[in-house]
Amino acid sequence: SVWEGCDILHKAMLGTLPRVRVAPRCKWLIEDVEVWQGAIADPHKDGIDGWRYAVVPMVEGERY
C-alpha cells in the first residue's frame, strides 16, 4: 500500500546511520516529499511513488 511504503521509507531515513538518503540534487523529489499531504490525486504523489517503487524492495531485501 502507499501508506505502508511511505512508512518504510520514513523509517529507513531515520537514525544515526540512515539506510536511505535523498541527494540534494533531487530537488523535485525533495519538493514532493515536503509538499505532499496525502491526497491520492496530488501530482506530488507521483514523484514519491517512483521513489517508493525503486527503494522499498531494496530496503526489504528483495532483488530484481
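Leaving aside its neighbours within four places in sequence, which residues is V59 in contact with?

**View 1. The surroundings of V59 in the predicted model.** Let's start with the answer: once neighbours within four places in sequence are set aside, V59 touches I8, A12, R19 and V20. V59 is also among the residues with the most contacts inside the largest nonpolar core.

**View 2. The largest nonpolar core.** Here 13 residues come together. V20, W51, V55 and V59 have the most contacts inside this core. Two elements, α1 (2–13) and α3 (44–59), each give two or more residues to it. In soluble globular proteins, nonpolar side chains tend to be buried together.

**View 3. The helices and the fold as a whole.** Step back and you will find three helices and zero strands, running α-α-α from the N terminus on. The C-alpha trace spans about 30 × 25 × 20 Å along its principal axes. The radius of gyration is 12 Å, which agrees with the value near 11 Å that a compact globule of 64 residues would have. Of the contacts between residues at least 6 apart in sequence, 51% join residues at least 24 apart.

**View 4. Surface and charges.** The protein exposes about 4,900 Å², with carbon and sulfur atoms supplying 58% of that area. Buried residues make up 34% of the 64 in the protein. As for charge, look for 8 positive and 10 negative side chains; the centres of these two sets are 9 Å apart.

Note on methods. Residues are numbered from 1 along each chain as its sequence is written. This is a predicted model: local features need pLDDT of at least 70, side-chain atom pairs count only at pLDDT 80 or more; totals for chains, interfaces and linings use all residues. Side-chain values use heavy atoms; hydrogens and water are left out. Helices (H or I, at least four residues) and strands (E, at least two) are DSSP runs, numbered from the N terminus. The radius of gyration is taken over C-alpha atoms; the globule rule is 2.2 Å times the number of residues to the power 0.38. Buried means under 20% relative accessible area, exposed over 50%, partly exposed in between (1.4 Å probe, protein chains only). Contact means heavy atoms within 4.5 Å. Accessible areas come from the Shrake-Rupley method with a 1.4 Å probe; for residues, only the protein chains shown count as cover. Lys and Arg count as positive and Asp and Glu as negative; His and the chain ends are not counted. The place of a charge is taken as NZ of Lys, CZ of Arg, CG of Asp or CD of Glu. A nonpolar core is a set of buried Ala, Val, Leu, Ile, Met, Phe, Trp, Tyr and Cys residues joined through side-chain atoms within 4.5 Å.
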